[in-house]
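Here is a set of questions and answers for going through a structure by its coordinates.

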Amino acid sequence: ALQPASRSPPEGSRYPPGPEAGREHYVVSTEKVANDLLRERGSIYSSRAQAPASAQLLSDNLRPVLLPYNGVWRNGRKFMHQVANASVAPQYHSTQELEATRMLADLIRDPARYEHWFQRYSAAVVFRLAFGKRIDTGDEEIVQQIVAVNHNLERIASPGAYLVDTFPILMKLPRFLAPFKREIEELHRREHSLFRGLLEDVRERMKDGTAPKCWERDFLENQSEFNLTDDEGAYVVGTMFEAGSGTTSAAMMSFVLAMVLHPLWFRKVQEETDSVCGAKRMPYLDDVRQLPIVRAAIKETLRWRPVTAGGLPHMSTKDDVYEGLFIPANTVIHPNQWAIHREPELYPQPESYLPERWLDSSYRTTFKSPLSVYPNLHNYSNFGFGRRVCPGQNIAERNLYLLAARIAWAANISKAKDEEGNEIDPPLYDYTAGFNAQPKWFPFELQVRSQERWAVIEEELKRGAESDPLK
Ligand code: HEM
């Protein structure tokens, strides 16, 4: 369950282990050990290794996801919790529902671009919450810039991308001898001015009373309480947006893959949404309580194809002993989610997509009642561990249920057919290697279930546009 990693991070992990010299790495492959160390001993195992290229040069020690266990991280974390949890209150339901309707309409009109729609609308939800702006009427250029920031982070944080992560002594080179410094610092300037620009934009709109309630405004109104500088606050909000959009869309792509490969489960999800909502209205967030099959299908998707497959590594800050094993300070612990979610004692037939393991009481290690509450994603290892656990998990959870329920309610999904009418099986595992593991584009068919349902979507689009506070 706890294996030395001989300095190589697990497959799928895209965050670098940091300066290598003499550093120990352990890969954790059971939930118990991950919880024992990262959660129960959270005061020791909640830091991150500081890779010079991504944490220092690109982020200037401002990006919360990469920060060590220090005061800036703690202050940022408090803010993130507060705003993310406030954002799932009932008055924000319509925000997620409106964007979900838009996504559904675009997906039905042009299913082949499903990757684009998932990305765009996962981003749209967080964009609204973070900056009080609609992504479709907002500045398209800003959206593109944020996508570029994400790409840069992924590239620069990839293990082996920059020699300076292996030999931190290279940081001592003067700028004129270190092209990598000039290159990455330029990228930092760009992302810094983008994040600050978004903050200043809300500050300006607050002056004339046109800034809607959003995370940036919450920050500016309570800045002294959160004890964060303008730069720190801008990075907290900016990187919540960054961490929140790609992850949710990656999970949705795996959900569609699961449904194409398991048509019986897709049928069950459809039957459930039909029995709760009928044909005359689509599912809403308030219906989620009554949709255990939808929740199970999502939970099983995340188990079967965890988004952060290699897990985000934590680093210890003190010497420790675990079951007789000495773990020195500054050890990097990789919670390998791929393995954690395939522990056969907890998940029999781990390679199979079996939503029933969350719904049927004969699955003793996973089933929990009542089904109006379980399954859910609370404390689910997919979102990490302990003090570093994903602060956006509640937002992600609602988005995933809502999108899954609505796709099933609105459309039929099936395998694509070749010219001779034979079904095309999408590959079981052909995933991107990035930080967010997602299936590469695959063909499938998606059609609206009836004109009646399409009319409901169009009506809802109209109604949503009229009542949208950001219109
Ligand atoms: C399916 C969707 C998502 C998945 C699977 C996911 C997963 C994760 C994981 C595994 C971590 C690392 C936790 C650890 O170190 O133990 C993390 C951290 C983080 N996530 Fe998420 N996440 C998702 C959605 C979101 C959303 C919607 C937001 C924001 C609105 C968000 C914001 C963050 C931030 C800011 C961190 C860094 C926390 C820190 O280092 O203290 N995530 N997420």
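**Confidence and overall form**

Q: What average pLDDT does the protein chain have?
A: The model is predicted, and 96% of the residues in the protein chain score at least 70. The average pLDDT of the chain is 92.

Q: What radius of gyration does the protein chain have?
A: The C-alpha trace spans about 65 × 60 × 45 Å along its principal axes. For 471 residues, a compact globule would have a radius of gyration near 23 Å, and the value for the chain agrees with this. That value is 22 Å.

Q: Which percentage of the 471 residues is buried?
A: A residue is buried if 20 or more other C-beta atoms lie within 10 Å of its own. In the protein chain, the share of buried residues is 46%.

Q: Of the contacts in the protein chain between residues at least 6 apart in sequence, what percentage joins residues at least 24 apart?
A: The chain holds 16 helices and 9 strands. Contacts are counted here from a separation of at least 6 in sequence, and the part that joins residues at least 24 apart is 74%.

**Helix packing**

Q: At what angle do helix α5 and helix α11 pack?
A: Helix α5 covers residues 114-131 and helix α11 covers residues 230-261. Their axes are 8 Å apart, and the crossing is right-handed. The angle is about 145 degrees.

Q: How many residues of the contact of α5 with α11 are nonpolar?
A: On the α5 side the contact includes F118, V126 and F127, which are among the residues that meet a set in α11 including M240, F241 and M252. The contact also has 6 polar residues and 1 charged. The nonpolar residues number 12.

Q: Is the crossing of α12 and α13 left-handed or right-handed?
A: Helix α12 (residues 263-277) and helix α13 (residues 292-304) pack at about 145 degrees, with their axes 8 Å apart. The crossing is left-handed.

Q: How many residues of the contact of α12 with α13 are charged?
A: The contact is made by W265, K268, V269, E272 and T273 of α12 with I293, V294 and A297 of α13. These divide into 5 nonpolar and 1 polar, and the charged residues number 2.

**Single residues**

Q: How far apart in space are E186 and L57, C-alpha to C-alpha?
A: In sequence, E186 and L57 are 129 residues apart. In space, the C-alpha to C-alpha distance is 9.2 Å.

Q: How far apart in space are R196 and Q337, C-alpha to C-alpha?
A: R196 is found in helix α8, and counts as partly exposed because it has 16 C-beta neighbours inside 10 Å. R196 and Q337 are 141 residues apart in sequence. Their C-alpha to C-alpha distance is 34 Å.

**Backbone geometry**

Q: Which residue is joined to P370 by a cis peptide bond?
A: Most peptide bonds are trans. P370 is found in the loop between α14 (337-340) and α15 (393-410). The omega of its cis bond is about 5 degrees, and the partner is S369.

Q: What is omega for the bond that joins Y374 and P375?
A: P375 is found in the loop between α14 and α15. The bond from Y374 to P375 is cis, with omega about -5 degrees.

Q: What is phi of D60?
A: Most residues other than glycine have a negative phi. D60 lies in the loop between α2 (52-58) and α3 (71-86), and is partly exposed, with 15 other C-beta atoms within 10 Å. Phi of D60 is positive, near 50 degrees.

Q: What is phi of N227?
A: N227 is found in the loop between α10 (223-226) and α11. With 16 C-beta neighbours inside 10 Å, N227 counts as partly exposed. N227 is not a glycine, yet its phi is positive, about 60 degrees.

Key. Residues numbered from 1 in each chain as written. Predicted model: local features only at pLDDT ≥ 70, side-chain atom pairs only at ≥ 80, totals over all residues. pLDDT = per-residue confidence, 0-100. Axes fitted to C-alpha atoms, helices over the stretch in contact; angles between N-to-C directions. Helix = DSSP H or I, 4+ residues; strand = E, 2+ residues; numbered from the N terminus. Left-handed = near helix turned anticlockwise from the far one by under 90°. Contact = placed C-beta atoms within 7 Å. Nonpolar A, V, L, I, M, F, W, Y, C, P; charged D, E, K, R; others polar. Rg over C-alpha atoms; globule rule 2.2 N^0.38 Å. Buried ≥ 20, exposed ≤ 12 C-beta atoms within 10 Å, placed from the backbone.
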